[in-house]
Amino acid sequence: MDFDLMLRVYPFFLEAAWVTIELSVLTTILGLSCGALGAAARLSRHWYLRALGAAYVSVIRGTPALIQLFILYFGGPQIGIQLDAFEAGVIGLGVNIGAYMTETMRGAIIAVDRGQTEAARTLGLSRFEAFHKVTLPQAFRLMIRPLGVNINALIKGTALVAAIAVVELTYTAQRYIGSTYKPFEMFLLSGLLYMIIIYSVGRGIAWLDRKARIT
Amino acid sequence: MSETQNFVEVRNAQKQYGALEVLKDISLTVERGQIVAIIGPSGSGKSTLLRAINDLDPLTGGEVWLDGIQVNKQLPHRQYEKHINAMRQQIGMVFQHFNLFPHLTVRGNVTMAPKLLKGITAEEADALAEEQLAHVGLSDRIDYYPSQLSGGQKQRVAIARALAMKPKLMLFDEATSALDPELVEEVNLVMKKLAEEHMTMIIVTHEMDFAASVCDRVLFMDQGVVVEEGPPEVIFKAPNEERTREFLRKHLAGGK
Ligand SMILES: Nc1ncnc2c1ncn2[C@@H]1O[C@H](COP(=O)(O)OP(=O)(O)OP(=O)(O)O)[C@@H](O)[C@H]1O
Ligand SMILES: [Mg+2]
């Protein structure tokens, strides 16, 4: 194994790791927003919103994320959507993970005992107040861990944007392989940095989950 | 429709789930300060009737009135929501499984609705929590979470939570059925205390002794109809209907 080479290129990989982190953070924010909207739609009193939410989830989950990314990035310009690779990556991955987060959030909300809403409504709270003050705080607790699983998948999923030439960890490894012919070292370096990111995020989620439990 | 004389009045209540008729033309009146027990076999529609009174399970026919106002008024959706929320503030309800809010302390459980709906200050809320918890004998548990309480304590907190809204009427749906036998009495004592304070109450119960000791009137339901009603002395000692006698034979069997 060529440690010298690894030490030499490692600063460039750190830069790439930073891009992966940026992608992950923005994708998480977009994914959580899509998830919240999706869950709200799926639990709506209006059938057309429920249908819309269900369609979103089944279309996104029924097709490969890579294809979605390609449609957006390569197909987009044909229908007037011009995005640079990074933007397409964030939007494509965010909308994708949002569908999974929709199901996570919806699951957490419906897992809260119906008696809770009944008790709140009985006291005179409106539907919204009961949701906001009683159901949602309990659902938040239930969704932290499964959302953590979604975020874990999302971080790993950022590797896909290498295919549209976003200079993140996976793309950077491929690029240095082209000049060094050392795939083992280069992918190892990327993998190690992914692991550090994922491990840290995992710890953060576990901490949040513990904290939410006590209070 | 004319206004009613009675404090609580259920007129010709009907409830259907698809083809299943759960309530068949039930009428019921309760005067202010009266305590009415509803007894009857499982599936006879007791909970459905009780939950129709605060419109938790809306009737498919008939009317519910409280203190001169129709609870289940026909109104456009938005107006109806406002109306029913206002009505429900006046109707306390206690459930078999407590349904305390697990993410809030005892204090939070008791004060959430008054703070939100009556705009009381933090100090007023604290005073209210202390008052209501003293009333059910749980002053020392004010900063506990529901998970740290026994079943009997949970149910007493649930009663305090309902009372904190200063309701005109209290509904109890088998408030002691989920409790270990040794915890039943502490909840019954709180209910007796309410009776002494002349709270109007409708109590669905399987505990005949308790019903006999606190209620002014007992309603025996079976298969969605009121088979018989009257003072506890009559219903428990000398019922007129064979169905009532049969039910009581089963439920008082082995006992007195
Ligand atoms: N949501 C529902 N959908 C369909 N049927 C229902 C529903 N809720 C209640 N029922 C039916 O209505 C009937 C009356 O139920 P209800 O809960 O009022 O009985 P109950 O007298 O309270 O019985 P228990 O003593 O077991 O609590 C039962 O046959 C029940 O199966
Ligand atoms: Mg019942």
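Two strands count as paired if DSSP finds at least two bridges between them. Helices (H or I, at least four residues) and strands (E, at least two) are themselves DSSP runs, numbered from the N terminus.

This is a predicted model, where local features need pLDDT of at least 70, side-chain atom pairs count only at pLDDT 80 or more, and totals for chains, interfaces and linings use all residues. Residues are numbered from 1 along each chain as its sequence is written, chains are lettered from A and ligands numbered from 1 in the order in which they are written, and side-chain values use heavy atoms, with hydrogens and water left out.

**View 1. Strands S6 and S7 of chain B, side by side.** S6(B) (residues 91-94) and S7(B) (residues 169-173) pair in the parallel sense, over four bridges. Look for B:Gly92, which sits opposite B:Met170 of S7(B). S6(B) is covered on both faces: B:Ile91 and B:Met93 on one side, B:Gly92 and B:Val94 on the other, are all buried (under 20% relative accessible area, with a 1.4 Å probe and protein chains only).

**View 2. The open four-strand sheet of chain B.** The strand order is S2-S1-S4-S5, with antiparallel pairing. S2(B) (20-30) and S5(B) (69-70) are the edge strands, each with a single partner, so one side of each has no neighbour in the sheet. Further in, S1(B) (residues 8-17) and S4(B) (residues 61-66) are joined by five bridges, and B:Val8 stands opposite B:Leu66 in S4(B). Helix H1(B) (residues 46-53) lies across S1, S2 and S4, running at about 60° to S2(B).

**View 3. Helices H3 and H5 of chain B, packed together.** H3(B) (residues 106-118) and H5(B) (residues 151-163) meet at about 25°, their axes 8 Å apart. Axes here are lines fitted to C-alpha atoms, for helices over the stretch in contact, and angles run from 0 to 180 degrees between N-to-C directions. That makes the two helices roughly parallel (under 35 degrees; over 145 is roughly antiparallel, 65 to 115 roughly perpendicular, and the rest oblique). B:Val106, B:Asn109 and B:Val110 in H3(B) touch B:Val157, B:Ala160 and B:Arg161 in H5(B), where contact means heavy atoms within 4.5 Å.

**View 4. Helices H1 and H7 of chain A, packed together.** H1(A) (residues 3-42) and H7(A) (residues 169-180) pack at about 150°, with axes 8 Å apart. The pair is therefore roughly antiparallel. Among the residues in contact are A:Phe12 and A:Phe13 of H1(A) and A:Tyr176 of H7(A).

Terms used
Buried means under 20% relative accessible area, exposed over 50%, partly exposed in between (1.4 Å probe, protein chains only).
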